[in-house]
Amino acid sequence: MRDGSVVYLDGVSKVYPTAAGEIFAARNVTIDVQPGEFYSLLGSSGSGKTTTLRLIGGFEIPEYGSVWIGGEEVTEQPPYQRDVHTVFQSYALFPHLTVAENIAYPLRIAKTARAEIAGRVEESLRMFQLGGMGDRRPSQLSGGQQQRVALARALISRPKVLLLDEPLSALDAKIREEVRQELRDLQKQTNLTFIYVTHDQEEALALSDRIAVMHNGQVQQIGTPKQIYDRPGSLFVAQFIGKANFLKGTVLETIGETAAVEVSGMKIWAAVTGRSPSIGNAVTLMIRPERVRLGETAKTAKADNQLSGKVASVTYVGQLIELKVETPIGSLTVTQLSSTADFSLEQSLSWNVNDCILLPD
Amino acid sequence: MLVPQKTLLKSHILSHYRFPMPLYLAKNRYAQRPWLLAIWTILVYAFLYLPIATLIFISFNDSAILSLPFKGFTFNWYEMTWGDRSLRLSLWNSLQVAAMATILATGFGLLAAFAIYRYQFWGKNSFRIALNLPILLPGVVTGVAMLAYFSSLGLELSLWTVILGHAIFGLPVALGPILTRLTQFPHSLEEAAYDLGAKPGQVFRGVIFPYIRSAIVSGSLLAFTLSFDEVIVTIFLTGRDNTLPMEIWGRLRTDITPEIAAVATLVLLASTGVVLLSQWVGGMRDEG
């Protein structure tokens, strides 16, 4: 048990036997979630993010490792004994109960006094802007309203942790952003721990205090959205999150946290985020398009890497301009704010050493 | 009862008359002469329902024999039926048998439906087929088999053996609608209930049962009507006590009076009621 964490998975694996051998839906997953944290499990389908959530909820029992909630081991406890509630992707509202009865369900199961249930449901309906809808059936509500009922139901008995399984995926794109903000506000207000499963990196970056990026059942990297975006720990994470330029090269020398890498005959300085690479190793460098400076600012800046290039194409994407620039080390994608863009054909390019990340192959 | 006949009629016309004809004829055959379709429909319905209508008719006929012509209207046969002790007794027997057989059939049908829905086990398909066998096999086979089985067990024939026999073929009847409904049950509802603190018993009572309630009711009503008018299996398994269909059948061999027609009309009325009820419950806007 790690001190202070509200949810702690210790080397948890979930294995399914198949005809072709064992399949690890989750492999050696270790995460610790702090109280009051908005923690996201981010990955594509089959990455193990939902399995991990289900291991916390108690819907799956792991073959290896242990699950701890609130300092107590719950590895083999059934869901109804765990002080965590889930908001399901499909909302899973009980169709034969009214909205108010749905929200009251956890209290009724816990044999709370009738008068108290009525009061708390009333308060909850108000808080989730469901006033006057208590007597309706879930099928008579819109998607957004159903989602609020699901949230209200999961939160009414004040669990330690709220698990959310892609709660926005069934909503229209238009209201998704609105609900996203509401979720964030709700989490801040209630100061509850949220564990949020999503495949949408933008959602994860916007909402989370910390993100665990998952792939093939394994955790690839854990960090704040800024760490994940700026300092990806692996090629997979760098490719999965946002857009980036990737350059192949070999290590020439390393000085502390930086390394010189030869790319197409040029010496490029890059930041080392992980283990220090050995000289002669093949590596990949990553530069985000918006971190590349162009034109006069590039020349005057005290930048570590400078080169020149020719603009091959310009794409206008509203707020941003996307340029393809041919340089001696290959074609680079560069984005600039359209309000301050420089349209000259011949360009100087530069970037800080900290914006060029060395990723081991 | 009415609906399947209608669809049968429609598909019959389409498959046998439409395609061998030239298209220009087929297209307008009934549109140009709708009375043709009307006559055809009336004939089919007459074939199906005239015997029953005749029976009802005869039950009000003021004549001592079970036949036409109509000699006058009377409630006499209904009064006699009401006063007939052995008929009343057999009706009471039938109701008891049907009720007990329905409880057994629905109870075990529910358990079997759950086993099939919830678990993967060796021989699952054979298990399903075995459960459905009693309605696929001729009643004579089921009857003889159970008679042989009960006598080798040393069980004395009584209403209880009839109840067991009826429960056996009532089980697949009740199982069908329950299993169908159960397979539509969204698994996430069950998980949500567990997640919110409900124990297995509470999950069943509060979430699963309300979802399959209509199927249980319509399945058990069907099992009830089947048991209520069952003759063949009953012949083999009954002891000294008669069920109503057995009583009717027994009387037909000795004295044929319109009293039988009156009884039959009452039974028809009751079972039509139950079947309609079962259809209505089954077709109710299901909650989900």
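**Close-up views of a predicted two-chain model**

**View 1. Where chain B meets chain A.** In this predicted model, 19 residues of chain B and 21 residues of chain A make up the contact. Together the two chains bury about 1,800 Å², with 62% of that area on carbon and sulfur atoms. Five residue pairs are in polar contact between chain B and chain A, both partners having pLDDT 80 or more. On the side of chain B that touches chain A, helices α9 (187–195) and α10 (200–228) of chain B each supply at least two residues.

**View 2. A salt bridge across the chains.** Zoom in on the interface of chain B and chain A to find its one salt bridge. Here the side chains of E191(B) and R54(A) come together, with 2.7 Å from N to O.

**View 3. Two domains in chain A.** Chain A is split into domain 1 (7–236) and domain 2 (243–360). Their C-alpha centres are 39 Å apart. Eight residues from domain 1 of chain A and eleven from domain 2 of chain A take part in the contact. The two domains bury about 860 Å² between them, 50% of it on carbon and sulfur atoms. Look for Y229(A), R231(A) and L235(A): they supply 64% of the area that domain 1 of chain A buries against domain 2 of chain A, more than any other three residues.

View 4. One salt bridge is counted between domain 1 of chain A and domain 2 of chain A. R291(A) and D230(A) form a salt bridge, their closest N and O atoms being 3.2 Å apart. Helix α7 (residues 225–230) of chain A gives three residues to the side of domain 1 that touches domain 2, the largest share. That side of domain 1 of chain A holds four nonpolar, two polar and two charged residues.

View 5. N245(A) sits in strand β11 (residues 245–255) of chain A. Is N245(A) buried or exposed? With a relative accessible area of 5%, N245(A) is buried. Beyond its neighbours within four places in sequence, N245(A) contacts several residues, including L285(A), I287(A), P289(A) and L332(A). Its side chain reaches the backbone nitrogen of T333(A) at 2.7 Å. C356(A) is 111 residues away from N245(A) in sequence, yet their C-alpha atoms are 9.6 Å apart in space.

**View 6. Salt bridges within chain A.** The whole structure has 17 salt bridges over all chains. One of them joins the side chains of R184(A) and D209(A) at 3.2 Å, N to O. R184(A) is in helix α5 (residues 173–190) of chain A and D209(A) in the loop between α6 (201–207) and β9 (210–215), so this pair ties together parts 25 residues apart in sequence. R184(A) counts as buried at 17% relative accessibility, while D209(A), at 25%, counts as partly exposed.

**View 7. A salt bridge within chain B.** R251(B) and D84(B) form a salt bridge, with their closest N and O atoms 2.7 Å apart. R251(B) belongs to helix α12 (residues 244–254) of chain B and D84(B) to the loop between α4 (76–83) and α5 (85–118), so placing the partners 167 residues apart links distant parts of the chain. Both R251(B) and D84(B) are buried.

Methods: Residues numbered from 1 in each chain as written. Chains lettered and ligands numbered in written order. Predicted model: local features only at pLDDT ≥ 70, side-chain atom pairs only at ≥ 80, totals over all residues. Heavy atoms only, no water. Contact = heavy atoms within 4.5 Å. Buried area = accessible area lost by both parts, 1.4 Å probe. Salt bridge = Lys/Arg side-chain N within 4 Å of Asp/Glu carboxyl O. Polar contact = N/O pair within 3.5 Å; in protein donor to acceptor, adjacent residues only side chain to side chain. Helix = DSSP H or I, 4+ residues; strand = E, 2+ residues; numbered from the N terminus. Domains from an automatic or database assignment. Nonpolar A, V, L, I, M, F, W, Y, C, P; charged D, E, K, R; others polar. Buried < 20%, exposed > 50% of the residue type's maximum accessible area, 1.4 Å probe, protein only.
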